[in-house]
Amino acid sequence: MINNKITAIIMASGLSTRMGANKLLLNYKNEPIIQYVFEAVKNCLFHEVIVISQYDEIKKISENYKFKYVHNKKSDIGQSESIKLGILNSKPCDGYMFFVGDQPLIDEIYIKNMIFDFYKNLDYIIIPKCKNKTGNPVIFPFSKKEELLKLKNDEKGKK
């Protein structure tokens, strides 16, 4: 087993403008959607888990899991703010695994396979791909920290 020194950063600050309600709190099989992500992450023994959000309800769920919660006061700026807050509030680590909160079908096997691939070469960014489309979560090595901290507005790691 790999000594996992990756920080999991769960980004849960979205405004859900198209949805009209916080989609992370919508029920899926009797649980809030975000809780499925929390369960999968909890079972992977990350070095640290940080939840970035602006919502009190997400904070309460985070506390139930004993995850570190960071309040995003600037969620209107876009995803770059969640990325930066996660990195700036993390302990020294090998890399950062960024999760979005609306993936209720993600499971620990999928996550552990990505972590295994990351540890084959700590210089690579690990991005899942299906039918030529990239997705989430994504693992960035620690060496990309400064580049990620330069993101602005709604820029994402793809930049």
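**Figure 1. The whole chain, seen through its contacts.** Among contacts (heavy atoms within 4.5 Å) between residues at least 6 apart in sequence, 68% join residues at least 24 apart. This is a predicted model, where local features need pLDDT of at least 70, side-chain atom pairs count only at pLDDT 80 or more, and totals for chains, interfaces and linings use all residues. Residues are numbered from 1 along each chain as its sequence is written, and side-chain values use heavy atoms, with hydrogens and water left out. The protein chain has 5 helices and 9 strands; these are DSSP runs numbered from the N terminus, with helices being H or I of at least four residues and strands being E of at least two. Starting at the N terminus, the order is β-β-β-α-β-α-β-α-β-α-β-β-β-α. Of the 159 residues, 45% are buried (under 20% relative accessible area, with exposed being over 50% and partly exposed in between, using a 1.4 Å probe and protein chains only).

**Figure 2. A look at Asn-136 and its neighbours.** Asn-136 sits in the loop between β8 (133-134) and β9 (138-141). Leaving out residues up to four places away in sequence, Asn-136 touches Val-100, Gln-103, Tyr-110 and Pro-128. Take Val-100: it is 36 residues from Asn-136 along the chain, yet their C-alpha atoms are separated by 7.0 Å. Asn-136 counts as partly exposed because its relative accessibility is 31%.

Figure 3. Side chains of opposite charge can pair when their charged atoms come close. Here, Glu-39 and Lys-42 form a salt bridge, with the closest N and O atoms 3.3 Å apart (the rule asks for a side-chain nitrogen of Lys or Arg within 4 Å of a carboxyl oxygen of Asp or Glu). Both residues lie in helix α1 (residues 33-42), 3 residues apart, or about one turn of the helix. Glu-39 is partly exposed at 31%, and Lys-42 is partly exposed too, at 38%. In total, the count comes to 5 salt bridges.

Figure 4. Glu-108 pairs with Lys-112 in a salt bridge whose closest N and O atoms are 3.1 Å apart. Glu-108 and Lys-112 are separated by about one helical turn, because they are 4 residues apart in helix α4 (residues 108-118). Glu-108 is partly exposed at 28%, as is Lys-112 at 32%. Asp-117 forms a salt bridge with Lys-120, and their closest N and O atoms are 3.3 Å apart. Lys-120 counts as exposed, at 59% relative accessibility, whereas Asp-117 is partly exposed at 36%.
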